Amino acid sequence: MRSAAVWLSARTERSSMHNRSRGADERSGADAAPASLKRKYHGNLETKIMRNDKKMTRAAQTDAPPRFPRDLLDEMSEGIFVWDDSGKCIETNSSASALLGYKREEIIGRYFLDFIHEPDMNGKMLKPGQDLSESLSNTNVSLINKDGRPVPVRIRQRLLNDGSIAAVVTELRPNWIATEAARDNNRLYATLSGINHSLVRAKDESSLLDEACRVAVEVGGFAIAMIGLLVEEGDAVAITAWRSSEGYEPAYSTLDIARAPLNRSPLSDSIRTGRVMVNNGTVTFSGEQLPAMQDRVRTFTSIASIPISKTGTVIGVLMLGRNDSKEINDEERLMLEEIGEDISFAMETMEIERERNLAQVNLANSEERFKTVADFTYDWEYWTDPDGNFIYVSPSCERITGYKPEDFMKDPDLFLRRVHKEDRDMVRHHFEDIRKMAPGSLDFRLVDREGEIKWVNHVCQPVFGRDGTWLGSRGSNRDITARKSAEAALSASEEKLRTIIEQMNDTVIVVDLDGKIVFVSGAVEHIIGSRPEEVVGRHFADFLFEQDVEKAFLHFNKIMLTGEPAKDVELRLKRKGGSTVVCEVDAAIYRTEMPNGVIGVVRDISERKKAEAEIINAQSRKKELERQLQQAQKFESLGILAGGIAHDFNNLLGIILGNSLLLLRRKPEDSRLQKGLEAIRTASQRGASLVKQLLTVARKTEMVFSPLNLNQILEEVAKLLEETFPRTIVVDKNLAAELPAVMADASQLHQVFMNLCINSRDAMPTGGKLHLSTSLIDRSAISDKFVRVESQNYAFVKVTDTGTGMSDETREKIFDPFFTTKGPGKGTGLGLAMVYSIMETHHGLIEVESEEGKGTAFNLYFPVGDEEPDNSIPPDDGGENIKGGEETILVIEDEEMLQDIVRNTLSLKGYTVITASDGEAGLEIFHSRKKQIDLVVVDLGLPKLDGGQVVREILSASPSARVIAVSGFLEMETLEELSKAGVRMFVQKPYSLRQMQSAVRAVLDSDS
């Protein structure tokens, strides 16, 4: 058949494409081993192929695989696999299908190695020149079932005559593994006991050594047992006794231990040092290294060489080999030493007996020699007859129980009575099994003569005479109280530590040298959502955020290389649902006698990071609030300035505007004079508009709020833009249907949108695109942007251009009053300041996005209520002339020229006009002639007595009096107060003659 290396090469070539098409979903998380393991596993295939050419040739000549009865295979409880020399499965049974979760037809035709957990191959499965059948015989591995879960199994395998391989697979359940570990220890105890028994039964040295090898293989479970005695020269070993689990015989009788490679083997080391030498790594012997292998390559997972001595001088060695993947531990090493000592002692005894003429030694002398040997054993040895009576008890029983041998000889039931009452039934059943000729062993508690409880390891088996007659039972009791106490203390310590770890909020994790997770505490489920059993066995990198993997490896390698712990390493872990959690890791090297890996504590710091982000966000909001406060202070200062100059400035403009209108009414014949008067009027109106903008920015004007449809206003603005903007600027719209109404002043919203659009036009001197859009958004979308978000829903307006954009410095100042980037005479710097003021008055929000060379976008958010928009159009009076009247009107105005204009304007309409130049004079006239006065026109900015006080005294004296209040700016508080006092109408300066005439007529015609 082919060697494992050749088969692996073929399998690698065939399965590389097969694995890619199959997809990663057939691999479990535990299969995600580091790439270094896989490179190590597949290394140096060419060398393996060259070494196995002969075996490939022999494999090609094998006959076709046999046929197996299906019904017989399916009745077997253990899994059966049969594969050909290429490694493909050609037969299986229902138990194997149940074990792997695959149907029979899914297994047939696939390579058997596809089902083996890949890390189990590393260092245990395949070696150059090693047969596959030997690499898997009696070994423990893990198979991967269809769900990706590793299944621990034991494989027992044999090469069939036709070149195919049949394997019996048994699942290793956790309790079975623990039982098998105990069975292994008991098997070695039974080996020691069996060899001790052989000392009694052996006729001569040859039979003693043969029996020792037989017991080691058949009872101890070793794959090979060999005893070699040194020849006279001391450079060679003569194979004196041999036993193999496979039944083959040694091909040679002498081994040269002075030549390589045996001069460096455990065998030669044991002879040289006189100590037990153990090799727990995989050891491969060829026919040249160990002639007993009959020209075959054999691999052992552990080798023990035990010196055999006479009078303190090493005369030979007992070599034991395992191929069951189990290591020889310290406790077993001590028992192996005892085996060597017992064999040595027995050989010495036989040497003495030979000198005393062994042929003449009768049964009594033999029993005496046995008693001598048994009396000096450390363990409590005994022999019972078929009726259960003690016929021999070694003196060591007194050390364990406090009772002398004769106490047990006189009272056979004493033994069972000293057994702890909780273990008594178990021991009684054990003795019943012995009477059925079944050897056995167990641990139980004894109560000694002083009442102290001791643990005993008991091993016994039936004893037969030369003719096969059952002579009774041979038993050995070893005091293992100290070991049990140590195990209990260790178990309690581990349980205490585990309890502490499981109570911690942080997760404790242990990673081996390959990065595989070997332990994790239960708190891991709170961090990543996976239970500990879903994490253990996988590589730690599987749970890291991809961008943090390299960082984690750097810290891992640094810890292993320098031994220095890592503190407060921030890493992001992937949760089971796909989200990410931020963690902080403290890690240090984990060691027993030497470094075993890394132990770490993982704590979830997501909440802490969130709190830190909130602090940063709060600081950012604080800065934004400070900026808004500074902006408000600027507008407050501007308001003080505007309020101070508006009255006088509007009086001047009113005089200029009124006189220009009076002159225009005379229709001068000189066209140049006509144009001049028109220019004066236009300039006055522009001045009035400028003052109104200033007052708007300072929030000193009255606004009329009503439910408005933003889409309708934007449609009107867009239509005006298309008529007035250059053709090189394209205006397009994307207005959301059924946009809710907002409470706003229509004229001011027109100013907002027109100012923004004009700014965009100026930013695109060579043309571009202006885009207007609306939508409805929830407060959650903007709550992180603004300090004040009061409404649940906002109507969103976006004005975007493809212009020159702004720098960060410019963007910070654009809403400041009088700030402009335009040249002299091209801007007042009030446009965007007015936009900001209007948005504040409307409880709206505004932000700007801009980058130099990439255009600008203004985002406006208007709070949405439950109001319906008022789309009605006010009636048009058709431009009819305003009628006059004969009523008497008192005009209180401190500006003489404006007083004259109002008097002349109203007198032309037939009214009787009485004037006063300050508040005191006006009140005096009103009180003296109030019965004749039908209407009072009062300027709120009067000398001597404030206009507001004049209005309040007039309405207090005559509540039904008709009053019109006039002012250069109208504060909202003043308007509300005077409206409640009884003022019928307010007129803002500068006003046209038509505005005043219309206001006078409307108030006079109103109900008193």
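Here is a short chat about a few spots in this predicted model.

Tutor: Quick ground rules: this model is predicted, so local features need pLDDT of at least 70 and side-chain atom pairs count only at pLDDT 80 or more, while totals for chains, interfaces and linings use all residues. Residues are numbered from 1 along each chain as its sequence is written, and side-chain values use heavy atoms, leaving out hydrogens and water.

Student: How many residues of helix α11 are buried?

Tutor: Helices are DSSP runs of H or I with at least four residues, strands are E runs of at least two, and both are numbered from the N terminus. Buried means under 20% relative accessible area, exposed over 50%, and partly exposed in between (1.4 Å probe, protein chains only). Helix α11 covers residues 266-273 and is mostly covered, and its buried residues include Pro266, Leu267 and Ile271. Of its eight residues, the buried ones number six.

Student: Is Gly865 buried, exposed or partly exposed, and why?

Tutor: Gly865 sits in the loop between β30 (856-863) and β31 (888-892). Because its relative accessibility is 33%, Gly865 counts as partly exposed.

Student: What are the residues in contact with Phe753, leaving aside neighbours within four places in sequence?

Tutor: Phe753 is among the residues with the most contacts inside the largest nonpolar core, which has 40 residues. Such a core is a set of buried Ala, Val, Leu, Ile, Met, Phe, Trp, Tyr and Cys residues joined through side-chain atoms within 4.5 Å. Contact means heavy atoms within 4.5 Å. With those neighbours left aside, Phe753 touches Leu710, Ile713, Leu714, Val717, Val797, Leu860 and Phe862.
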